[in-house]
Amino acid sequence: MALCGVSSTPSLRSLEILQSARNSSIGLKRNRSLCHPTNSSYRAKPVRLRCSSSNVEMEEDVGNGSSSVSVEDESAHVMQFKWNDFKILDRVSIGHGGRADELVFEALVQVPDSPLFNQGVVLRKLNTTHAQRRGRRAIEVLKKLVRRRLMYHSYSMQVHGYISNSLRSDDPYSFTLVHGCHGSFSIRHWLQQSDWLPTLEATLALDEESFRRVGDDTTGGPAVSRQLRLIRILMRDLLIGVNYLHSHGLAHTELRLENVHISPVDRHIKVGILGNAADFYGDGPSSSNAYSTMDRRQMMIAFDMRCVGFMMAKMVLQELMDPLIFSKLKSFLAKRNDPSSLREFFVTTLNTNSESGNTGVQILDRNWGAGWHLLSSLIATRPSKRISCLDALKHPFLCGPRWRVAPSMDIIRWGLGSTAVRISEEYIYRMPQRQRLTHFIELMEMLNPCPKPNCWLELLPGRWRLLYSTGKHIGLTLRQPSTRALIGNVYLTINRASEDSNNTLLSFTSDIGFTAITSKDWPQDKTGARGKLQTLSQFRLVAGKRLYLKEEKKNISKFSMGEPNAEEGLVEKLGTKKWKKVVPFKEFPSSLPVVKLVSGEIEVTMNMADRIESPGNVIGEVRKQIPQEMFDLSKLVCGTYIDSRLLVLRCVNGLALLFTRSSFGP
């Protein structure tokens, strides 16, 4: 028997009324066909019969012979059971855990005439009004999705029917949902297993054919490669299932690891029973101000994609399974920090000595940091900037090496910046590495997405950490200074002087953390007095150009890179077939647009936690080890590249400073 209402369960009398109304409509249609032949131009006006009772309500279009809800069609997919139709088992699988307002049973169907005879099912008894609303909503969603039964069975827990007690029962308002039992854990329970990777690989029976479906042609390998292949399989299956819902006008709204199961039978991800699925246009088009820039559909899709992003983050970075660390991520995003700086946040937040080590960071760093790009696109701060399911399925991170994906210019910029960051983190800079960094910085400047000052005014404010300087690097090991100083993090904090959009005045603050080493055995013991050197200045942004002058058949930049033949090597690199497809220039340009920095007065202060004997010597040692432009901000003359994650500033002597955006500290 079909469930025809959402507000309450149907009664036998209601269904009899509906059946009689349907028979009457069929007879009426036959009489009209006798009076009006098919070749007649006369068309009968559709008659709308409405039958209602206290429990069910339905409308039927008699003139067109079609009904909005067909009892016969529903009865094939939604069945009404009784409690004595099942044999209740004495166990419940871990993955089928319910909420506080639910009781979960596992049972076997004992009806010989049923197609589910002797099959295992899950009985989910819903005890509150809100829980019962979820159960009826799951059956209502089934009506919309059942047209594509193969997709529904593959990516959703199959709802078989319900158990609704009669009025003679002691609990007349109880409602029990009957859905499929897939005999497996949720993704959360899988990830909590100590040997989850080999066990899940064996459960899904992954073979070469499975890997070919994600564009990979290899099996085995190190744990990082195996986990990356498995994440590609799970993420692609999850995105296909979510896109299936979105294409039918539904948003899941509850995508979490505990609500998503993996079936070992068909090796598909099940996105739950869809009890809280919401219609895109359930209440009709909204005219409120909240949806003036984005309609209800886009907002709901963006919410689902954000949930998918959190699921991906937990699958890759399993440290986020700890509620405390995950709360730090939520706090990071709540402060309106840009998700593109997630790598900077995770590297400083995650414990590298944990059980999984830095495996997740390695996975996201592969393929020029494509994983970080996808993750930041899924949980972007602005809903309009979040990636869709179809675009995510074509993202390079989810496509193996066999699939050649044409990357967008945004992904190319991201890859150049990610590689530069990875090289700068190696700390030991040999000449080939320095030359590579020089090339990458030059390429980033040519692909600068923000050449106008107005765009810089939006992206510049924030806290930037110095990664690399193309000038000389002076450390402690090659010298014997009278006073030794160990340099910590160097930050450049930029704030707008006024909220006025026409005001281009910015405040630059350079914070240099250091430790004045007092121990004689400094190679082993680097303890000492901590201090901070701070420089403050104001800048005004002006549009400008960076000129390249040709002399003696060599491209010599007006702002040289500080490396021998840097421009000549860049010209040779751009001449290769690989980079011709990327750089939008047929030949080396004579000039590039930049943003000039016009500085004002400079103020320098130093704070020490403890008293030291010769503070002047300490300042001199700090100035030797850091780029001079971080001490004297007036030597910063122009900005050549900026995006939401990286910043490149050029100095008066042509050197380049590479910064990465850092989250605001306490």
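Modeller: What follows is a short tour of the model, taken topic by topic.

Colleague: Before anything else, what kind of model is this, and which cut-offs apply?

Modeller: This is a predicted model, in which local features need pLDDT of at least 70 and side-chain atom pairs count only at pLDDT 80 or more, while totals for chains, interfaces and linings use all residues. Residues are numbered from 1 along each chain as its sequence is written, and side-chain values use heavy atoms, with hydrogens and water left out.

Colleague: How many helices and strands are there?

Modeller: The protein has 20 helices and 22 strands, where helices (H or I, at least four residues) and strands (E, at least two) are DSSP runs numbered from the N terminus.

Colleague: And what share of the residues is buried?

Modeller: Of the 666 residues of the protein, 49% count as buried; buried means under 20% relative accessible area, exposed means over 50%, and partly exposed is in between, with a 1.4 Å probe and protein chains only. As for contacts (heavy atoms within 4.5 Å), residues 24 or more positions apart account for 69% of those in the protein with a separation of 6 or more.

Colleague: Which residues touch the most other members of the largest nonpolar core?

Modeller: Those are Met 235 and Phe 346, in a core of 83 residues. A nonpolar core here is a set of buried Ala, Val, Leu, Ile, Met, Phe, Trp, Tyr and Cys residues joined through side-chain atoms within 4.5 Å. There is also a second, separate core of 34 residues, which includes Trp 456, Leu 492, Phe 514 and Leu 647.

Colleague: What does Met 235 contact?

Modeller: If we leave aside neighbours within four places in sequence, Met 235 is in contact with Val 308, Met 312, Met 315, Leu 378 and Leu 398.

Colleague: Now the rings: how many aromatic pairs does the structure hold?

Modeller: The structure holds 9 aromatic pairs, counting rings of Phe, Tyr and Trp (its six-membered ring) whose centres lie within 6.5 Å, with planes under 30 degrees apart called stacked, over 60 edge-to-face and the rest tilted. One of them joins Phe 81 and Phe 86, a tilted pair at 5.2 Å centre to centre with 50 degrees between the planes, and both Phe 81 and Phe 86 are buried.

Colleague: Why is the pair of Phe 346 and Trp 372 called tilted?

Modeller: The ring centres of Phe 346 and Trp 372 are 5.8 Å apart and the planes are at 35 degrees, so the pair is tilted. This pair links distant parts of the chain, with Phe 346 in helix α11 (residues 342-349) and Trp 372 in helix α12 (residues 359-378), 26 residues apart.

Colleague: How do α10 and α11 cross?

Modeller: The axes of helix α10 (residues 323-334) and α11 come within 12 Å and cross at roughly 145 degrees; the axes are lines fitted to C-alpha atoms, for helices over the stretch in contact, and angles run from 0 to 180 degrees between N-to-C directions. The contact is made by Lys 328, Leu 329 and Phe 332 of α10 and by Leu 342, Phe 345, Phe 346 and Thr 349 of α11.

Colleague: Staying with α11, is Val 347 buried or partly exposed?

Modeller: Val 347, in helix α11, is partly exposed, with a relative accessible area of 40%.

Colleague: What about Ser 376?

Modeller: Ser 376 is found in helix α12 and counts as buried at 9% relative accessibility. Apart from neighbours within four places in sequence, Ser 376 is in contact with Pro 339, Ser 340 and Trp 414.

Colleague: Changing topic, where is Thr 483, and what does Thr 483 touch?

Modeller: Thr 483 is found in the loop between β14 (462-469) and β15 (484-496) and is buried, with a relative accessible area of 16%. Not counting residues up to four places away in sequence, Thr 483 touches Ser 614, Asn 617, Val 618 and Glu 621.

Colleague: And Tyr 468, buried or exposed?

Modeller: Tyr 468, in strand β14, is buried, with a relative accessible area of 1%. The C-alpha atoms of Tyr 468 and Thr 660 are separated by 9.7 Å, although the two residues are 192 residues apart along the chain.
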